[in-house]
Amino acid sequence: MAFNITQFTSDIANRGVSKESQFEVRIFFPQRFLGGGGLDAELTLRAESASIPGRTSQTIDDARDVTGPVRKIGYAPIYVPMDITFLCDEELNVKEKMDSWMDIILGNHRVAGAGQRNSTKLFNPGYYSDYIGTIDILKFNETGEKVVTTRLLEAYPFSIALLNLSWESEALQKLQVQFQYRYYEQLNVKDRSIPGGEKNRTPEGTRKAPRQPIPEDTPNRTPIGSRPAQPGAIEIPTSERNFGSFGPVPEVPVTGPRGLPNNF
């Protein structure tokens, strides 16, 4: 269908456009942080820019087909670190908070006293559960209604950029901090296009049959073509193979170490 300017302007008038300036960042420090952790309202006001993170898929080549183009099979998500730029205050308290958070991760050699500087313990890294927090990125619409909240779980500062100094400049100082996290959740997402009953349907023609679970009483079943069959082994059709199951992974508790208050 050719581009229709009338339909375009009508859609813009009815649904509006999303603006980069309509956002808010909330940083929840870990409980190990000075003051007991939790939400820091000052950093919310000082967060000048951020981003809603994206992700890519880790893939592996499908070796089952020997002819034709190689299929890339996705099996694990890759979450790219997220940058937040803060507008610095005169006392550089914003930078001090980020440095203090990094001290929990990398050791407190930055603030060691004169009698402690020769100790190797100052460079001991912290425990993962002690320094992970949570970051919420709230996106609003034109009327101030919250559209979606992106929550970065098990987040911590990964890189703190340098601060430039120059006699020739009167520019405002801004601190860029890169945060690492395990994964993100998106809350308050509105179902705008896919009917509820259609979400898990697989388009026709994408595969011949759904994968069937392997009964627990047949531990010696061997996939066809994977290796020579052992005595007593039962072959599994190719359609039943599962290349993306790595088993359950222990989760870090929601309360406490993530920086969120109880019953959040």
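1. A word on terms before the overview: a residue counts as buried when its relative accessible area is under 20%, as exposed when that value is over 50%, and as partly exposed in between. By that reading, 28% of the 264 residues of the protein chain count as buried. Please keep in mind that this is a predicted model.

2. On the overall fold, the protein chain has four helices and twelve strands. Contacts between residues 24 or more positions apart make up 62% of those in the protein chain with a separation of 6 or more. The protein chain exposes about 18,700 Å², and 52% of that area is supplied by carbon and sulfur atoms.

3. The largest nonpolar core holds 32 residues, and the members that touch the most others are Ile27, Ile84, Phe86, Met98, Trp101, Ile135 and Phe179. Two or more residues each come from β1 (23-29), β6 (82-87), α3 (93-106), β7 (133-140), β8 (146-160), β9 (174-180) and β10 (183-187). Which element gives the most to this core? That is α3, with six residues. As background, nonpolar side chains in soluble globular proteins tend to be buried together.

4. Leaving aside residues up to four places away in sequence, Ile84 touches Val25, Ile27, Ala47, Ser49, Ala50, Ile135, Leu175, Gln176, Val177 and Phe179. Two of these partners, Ser49 and Gln176, are listed beside residues such as Val25 and Leu175.

5. Now to the charged pairs. A search of the whole structure finds 13 salt bridges. One of them joins the side chains of Asp40 and Lys97, with 2.8 Å from N to O. Asp40 sits in the loop between β2 (38-39) and α2 (41-46) while Lys97 belongs to helix α3, so this pair ties together parts that are 57 residues apart in sequence.

6. A second bridge has another setting. The side chains of Lys72 and Asp61 meet at 2.7 Å, N to O. Lys72 lies in strand β5 (residues 72-79) and Asp61 in strand β4 (residues 55-61), so the pair ties together parts that are eleven residues apart in sequence. Lys72 has 57% relative accessibility and therefore counts as exposed. Asp61, with a relative accessible area of 43%, is partly exposed.

7. Arg151 is in strand β8 and Asp136 in strand β7, and the pair links distant parts of the chain, 15 residues apart. Both Arg151 and Asp136 are buried.

8. On the surface, Phe3, Ile5, Phe8, Ile12 and Val17 form a nonpolar patch, with about 510 Å² of accessible area together. Phe8 lies in helix α1 (residues 5-15). The relative accessible area of Phe8 is 42%, which means it is partly exposed.

9. Two backbone angles deserve a look. Leu92 has phi near 60 degrees, a positive value in a residue other than glycine. Leu92 is placed in the loop between β6 and α3, and it is partly exposed, with a relative accessible area of 31%. Glu154 also has a positive phi, near 55 degrees, and is likewise a residue other than glycine. Glu154 lies in strand β8. How buried is Glu154? Its relative accessible area is 2%, so Glu154 is buried.

10. Finally, a spot in helix α2, where Thr44 is located. The C-alpha atoms of Thr44 and Arg26 are separated by 5.4 Å, although the two residues are 18 apart along the chain. Not counting residues up to four places away in sequence, Thr44 touches Glu24, Val25, Arg26 and Leu39.

Notes. Residues are numbered from 1 along each chain as its sequence is written. This is a predicted model: local features need pLDDT of at least 70, side-chain atom pairs count only at pLDDT 80 or more; totals for chains, interfaces and linings use all residues. Side-chain values use heavy atoms; hydrogens and water are left out. A nonpolar core is a set of buried Ala, Val, Leu, Ile, Met, Phe, Trp, Tyr and Cys residues joined through side-chain atoms within 4.5 Å. Buried means under 20% relative accessible area, exposed over 50%, partly exposed in between (1.4 Å probe, protein chains only). Contact means heavy atoms within 4.5 Å. A salt bridge is a side-chain nitrogen of Lys or Arg within 4 Å of a carboxyl oxygen of Asp or Glu. Patches are made of residues with over 30% relative accessible area and no salt bridge: like charges are joined within 9 Å, nonpolar side chains (Val, Leu, Ile, Met, Phe, Trp, Tyr) within 5 Å. Accessible areas come from the Shrake-Rupley method with a 1.4 Å probe; for residues, only the protein chains shown count as cover.
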